[in-house]
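Trainee: Please take me through one part of this structure closely. I would like to look at the ligand and what surrounds it.

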Amino acid sequence: MLDKAPNGKISNLLGALDKALSAGDVERAADLFQADCYWRDLVTFTWNIKTMEGKDQVRDMLKARLADTKPSNWKIADGEDASETDGITESWIQFETEVARGFGHVRLKDGLIWTLLTTMSELKGYEEPLGFDRPMGAKHGAERNRKTWKEEREAEAAELGYSSQPYCVIVGGGQGGIALAARLRQLNVPTIIVEKNERPGDSWRKRYKSLCLHDPVWYDHLPYLPFPRNWPVFSPKDKIGDWLEMYTKVMELNYWGSTKCKKASYDEKGREWTVVVERDGKEIVLKPKQLVLATGMSAKPNMPKFEGMDILKGDLHHSSQHPGPDKYKGKKAVVVGSNNSAHDICAALWEAGADVTMVQRSSTHIVRSDSLMELGLAALYSEQAVQSGMTTAKADLIFASLPYKILHEFQIPVYNAIRERDADFYRRLEKAGFLLDYGDDDSGLFMKYLRRGSGYYIDVGASELVANGSIKLKSGVDVKKLTEHAVILSDGTELPADLVVCATGYGSMNGWAADLISEEVANKVGKVWGLGSNTTKDPGPWEGEQRNMWKPTQQEALWFHGGNLHQSRHYSQFLSLQLKARMENIPTPTYGLQKVHHLT
Ligand SMILES: Cc1cc2nc3c(=O)[nH]c(=O)nc-3n(C[C@H](O)[C@H](O)[C@H](O)COP(=O)(O)OP(=O)(O)OC[C@H]3O[C@@H](n4cnc5c(N)ncnc54)[C@H](O)[C@@H]3O)c2cc1C
């Protein structure tokens with residue numbers, strides 16, 4: 001008799017799935033899925049980051065990948081119980097493939113799989129040395145001329161990149177490159193991070209001085225080493241810089257600071273990169289098998305070209321170059337743009353006593369930080385979530401288990417609730433002339449971030465200054481030109497300016513491939529980021545996953561890594577396993593390699 005309790009329902013389903021897959025019976029396996037199902041696979045079956053949408057795509061993937069993958073041992077994850085709410089039965093699950101152990105999550109509707117998440121936890125035979133398997137550190141016994149840990153580290157640092165070659169070079173030593181390198185270190189993949197700034201954390205230190213993280217601490221942990229429980233909710237930028245520097249050191253990363261990557265080219269025959277870097281004024285050629293660009297999705301400034309830029313007598317810079325407000329007390333400042341950086345910079349300039357005007361060309365999504373925390377993040381990333389037993393790993397996986405195709409359906413009610421709760425706040429902003437939006441389909445901040453990585457401000461105070469007129473606002477206009485002492489807007493308004501800050505955002509990461517490798521390779525891999533949602537700045541067709549991030553690209557051995565701290569933590573796991581598998585010559589046939597539809 002079928003067990004109707006949640007554990008029984010999941011076990012019965014997993015048992016049937018196990019049998020069908022072990023028998024190689026794709027049709028029988030596909031029949032265990034709902035017609036509107038989603039199977040999101042992070043590397044286990046597809047050696048890709050891919051969501052199969054609907055039974056046909058599940059069937060196609062299994063036909064292509066089942067024989068190689070050889071999955072088995074599907075069961076409710078050790079120590080976990082299934083649960084049931086509103087007709088959905090869900091559970092953490094575990095399984096194995098021929099080469100890896102996997103962890104995942106399943107939701108059943110009417111006894112069939114509605115969503116399935118399969119993720120690779122570890123490669124068999126290449127497990128990380130954790131817990132019982134941690135290194136000894138000390139070498140007990142006696143040995144002549146033995147080297148200490150320090151001497152061994154120094155020897156490694158002296159040799160790698162000179163007398164021995166790294167398997168992987170990561171260009172960019174912000175938190176993305178650092179988190180990935182930490183995972184690769186644990187997997188024993190020789191890696192060098194190449195960073196043009198002097199010290200780890202400098203990419204944060206060099207940002208405008210008022211910056212604090214917009215995301216709360218529970219969302220921001222790095223792999224292996226969570227922030228302590230007394231860490232502030234919103235980390236000041238220099239503090240996060242120091243944490244990254246400490247992390248780089250204690251995780252024993254080979255971090256080449258003050259080193260600029262100048263050029264890279266791939267030898268398709270020899271399957272090896274030639275990476276030219278300048279370290280301490282000397283040119284060094286590295287020969288890695290894999291190249292990761294972790295150069296930042298918020299690092300390639302979009303600097304507009306306005307007539308008269310060369311004649312403005314005052315200061316003019318992109319927000320990424322803005323030093324902070326100190327020298328602008330009593331001066332007239334114009335900030336072009338109305339997203340996060342624009343708001344932060346306007347508020348800091350106002351605090352410093354500048355006369356500041358924000359120029360808003362098109363609408364912006366604003367969400368108050370406390371509303372976002374309480375209604376948007378609290379269930380997964382908050383002190384309450386921690387108190388009720390939620391771990392960072394589980395929170396990441398729950399978030400990952402929600403298919404992108406329908407994620408907006410979960411988000412719209414959240415932002416509707418926020419609009420209701422903060423109705424007065426939004427009314428006052430509109431009254432001040434601010435152009436608001438909530439995303440093309442009212443799905444709010446996360447969807448905007450995933451689709452276009454821009455178009456919003458998490459309000460930590462600047463909106464009040466806009467609403468009450470302390471920060472002056474010109475909206476629905478563009479900059480027409482600059483004169484010696486002013487910004488002229490498209491409606492003819494003249495704004496006197498001693499300072500013009502262009503808070504105009506950042507370009508696609510494949511621009512880095514164009515700079516460092518070639519235009520041809522940049523075009524071959526195409527646009528980086530976005531889901532293909534056919535919403536503003538995220539043109540279709542539908543991709544189902546973020547373009548080119550953390551997964552194989554059309555250019556062999558070229559990878560992109562980055563995103564916010566949460567994504568960097570979560571996806572570095574899957575990128576590191578893909579790289580390790582290649583180093584160990586484990587076959588990694590990529591299923592569903594993304595086609596290129598857009599160049600930038
Ligand atoms: C104002 C602002 C506020 C933000 N707030 C948040 C937040 O609250 N939470 C959050 O998670 N994210 C936030 N972000 C996004 C933020 O950019 C990322 O989280 C983070 O900086 C990304 O890390 P990264 O390692 O991918 O890129 P970056 O930190 O940008 O690092 C890229 C590195 O690559 C280096 N580099 C580039 N080219 C070369 C080369 N040729 N040779 C050598 N090195 C090179 C750069 O020097 C840089 O250090 C914010 C971004 C900005 C601009």
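Mentor: Of the 34 residues around the ligand, those that come nearest are Gly176, Glu195, Ser203, His214 and Leu565. A residue is near a molecule if one of its heavy atoms lies within 4 Å of it. This is a predicted model, in which local features need pLDDT of at least 70 and side-chain atom pairs count only at pLDDT 80 or more, while totals for chains, interfaces and linings use all residues. Residues are numbered from 1 along each chain as its sequence is written, and side-chain values use heavy atoms, with hydrogens and water left out.

Now the polar contacts (pairs of N or O atoms within 3.5 Å). A backbone N or O atom of Gly176 is 2.8 Å from an oxygen atom of the ligand. For Glu195, a polar side-chain atom lies 2.7 Å from a ligand oxygen atom. Arg207 has a side-chain N or O atom 3.1 Å from an oxygen atom of the ligand. On its own, the ligand has 960 Å² of accessible area, and the protein covers 93% of this. Such areas come from the Shrake-Rupley method with a 1.4 Å probe.

Next, the shell by class. It has 13 nonpolar, 16 polar and 5 charged residues. Here Ala, Val, Leu, Ile, Met, Phe, Trp, Tyr, Cys and Pro count as nonpolar, Asp, Glu, Lys and Arg as charged, and the others, Gly among them, as polar.

Which elements supply the shell? Helix H5 (175-186), helix H6 (202-205), strand E11 (259-267) and helix H16 (510-516) each give at least two residues. E11 gives the most, with 3 residues. Helices (H or I, at least four residues) and strands (E, at least two) are DSSP runs, numbered from the N terminus.

Two strands pair if DSSP finds at least two bridges between them. Strand E12 (residues 272-279) pairs with E13 over 5 bridges, in the antiparallel sense. Val276 stands opposite Val285 in E13. Strands of a sheet pair through backbone hydrogen bonds, either parallel or antiparallel.

Technical notes. Polar contact = N/O pair within 3.5 Å; in protein donor to acceptor, adjacent residues only side chain to side chain.
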